[in-house]
Amino acid sequence: MDRPGALAQLRTAAQAFAQAYLDPGERWCVGLSGGPDSLALTAVAAQLRPTTALIVDHGLQPDSGAVAETARNHALSLGCVAAHVLRVQVGAEGGPEAAARTARYAVLDAARDGPVLLAHTLDDQAETVLLGLGRGSGPRSIAGMRPYDPPWCRPLLGVRRSVTHAACAELGLAAWQDPHNADRRFTRTRLRTEVLPLLEDVLGGGVAEALARTATALREDTELIDAMAAQALPGLSTESAAGPGLDAGALTALPAAVRRRVIRGWLLAGGAIGLTDKQIRAVDALVTAWRGQGGVAVGSTLRGQRLVAGRRDGVLTLGPEPI
């Protein structure tokens, strides 16, 4: 039996995703860059439901306006009911890739009128897992991207990038090729063009699929521990002379993985951002290896102060301190 064509494969993936996660007939949007992945997804999405294309112009390249307008025209020709170009100002915090991603997600969230389809593929997932491994970011990072993280939808996480390129060829579409994808200054570009091909060669193929399977397995474990931590957290809250916090004695009774997940959730709820595994384990040591040590500073949006987790009278506390 012949293998289905590329467009048919994408359509099957999008239909399966919609059936699993979305309400029947719900309108959706698609994030369209003009590249082959998002262009192929837009073509399929517009066949299935009323679709609005959202095209983000980051303004980072001289011809970005023309690229965005071409993408808009493609979207309308493929059957989208609307297509909007969204222009953003990209900051510098976290580096160019992170800053562009932050700006993109913010404007897509503000402009959407339904869930947003994103064209991340299995190859993107594999690259994300490798980035997490290399940075030692812990299981949450290695678990990669969720297929459905409302309002973000990733129906193509099980599809290889080669399929989206083949779908564009079937449609006769000339997709935009982002020059940043060939720029070796970007870590993800080097993973894509150097590291993954080398791993495929050394390990005999199938590496991208194996990394994606690893992400799925870790994500399932992570979500289970998240649920256990959320269930445990209310019973750990307490008051002390220093204010509200977590009962350190009660925390010690929890399994280590659940305890650290409780601590992570508590820190985030208290205003922490950009938490690292190292910071979470340092706060955990205030529970498991208490020797009167000082507090642990964590990232926050505070100005002129720092957010510090500490221990006092058997209670974990979290609050600002002057720098």
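This is a predicted model: local features need pLDDT of at least 70, side-chain atom pairs count only at pLDDT 80 or more; totals for chains, interfaces and linings use all residues.

Visitor: Fine. What makes up the secondary structure of the protein chain?

Guide: The protein chain has 12 helices and 11 strands. Those are DSSP runs numbered from the N terminus: helices are H or I with at least four residues, strands are E with at least two. The C-alpha atoms fill a box of roughly 70 × 45 × 45 Å along the principal axes.

Visitor: How much of the protein chain counts as buried?

Guide: Buried residues are 44% of the 323. The label means under 20% relative accessible area, while exposed means over 50% and partly exposed is in between (1.4 Å probe, protein chains only).

Visitor: Why is Pro 36 called buried?

Guide: Pro 36 has 10% relative accessibility, and the limit is under 20%, so it counts as buried. Pro 36 sits in helix 2, residues 36–48. Leaving out residues up to four places away in sequence, Pro 36 touches Thr 164, His 165, Cys 168, Ala 175, Trp 176 and Gln 177; a contact here means heavy atoms within 4.5 Å.

Visitor: And where does the UniProt record put its "binding site" feature?

Guide: The unreviewed UniProt entry places it at Ser 33, Gly 34, Gly 35, Pro 36, Asp 37 and Ser 38. UniProt positions use the numbering used here, feature names are shortened, and annotations may be inferred rather than shown by experiment.

Visitor: What about Thr 189?

Guide: Thr 189 lies in helix 8 and counts as buried at 4% relative accessibility. The side chain of Thr 189 reaches the backbone oxygen of Asp 183 at 3.3 Å.

Visitor: Why is Leu 203 called exposed?

Guide: Leu 203 has a relative accessible area of 58%, and the label needs over 50%, so exposed it is. Leu 203 is found in helix 8, residues 187–203.

Visitor: Now Arg 49: where is Arg 49, and is it buried or exposed?

Guide: Arg 49 is in the loop between helix 2 and strand 2 (51–57), and at 12% relative accessible area it is buried. Leaving aside neighbours within four places, the contacts of Arg 49 include Ala 18, Leu 22 and Trp 28.

Visitor: On to charges. What makes Arg 72 and Glu 69 a salt bridge?

Guide: A salt bridge is a side-chain nitrogen of Lys or Arg within 4 Å of a carboxyl oxygen of Asp or Glu. Arg 72 and Glu 69 meet at 3.5 Å, N to O, so the pair passes. Both lie in helix 3 (residues 64–77), 3 residues apart, about one turn of the helix. Arg 72 is partly exposed at 28%, and Glu 69 is partly exposed at 35%. As background, side chains of opposite charge can pair when their charged atoms come close.

Visitor: Which parts does the bridge between Arg 146 and Glu 223 tie together?

Guide: Arg 146 and Glu 223 have their closest N and O atoms 3.4 Å apart. Arg 146 lies in the loop between helix 6 (139–142) and strand 5 (148–149) and Glu 223 in helix 9 (residues 207–232), so the pair ties together parts 77 residues apart in sequence.

Visitor: How do you know that Asp 284 and Arg 260 qualify?

Guide: Their closest N and O atoms are 3.5 Å apart, and the cut-off is 4 Å. Asp 284 lies in helix 12 (residues 277–288) and Arg 260 in helix 11 (residues 256–269), so the bridge links parts 24 residues apart in sequence. Asp 284 is buried, at 5%.

Visitor: How many salt bridges does that rule give?

Guide: The count comes to 22.

Terms used: Residues are numbered from 1 along each chain as its sequence is written. Side-chain values use heavy atoms; hydrogens and water are left out. A polar contact is a pair of N or O atoms within 3.5 Å; within protein, one must be able to donate a hydrogen and the other to accept it, and residues adjacent in sequence count only if both atoms are side-chain atoms.
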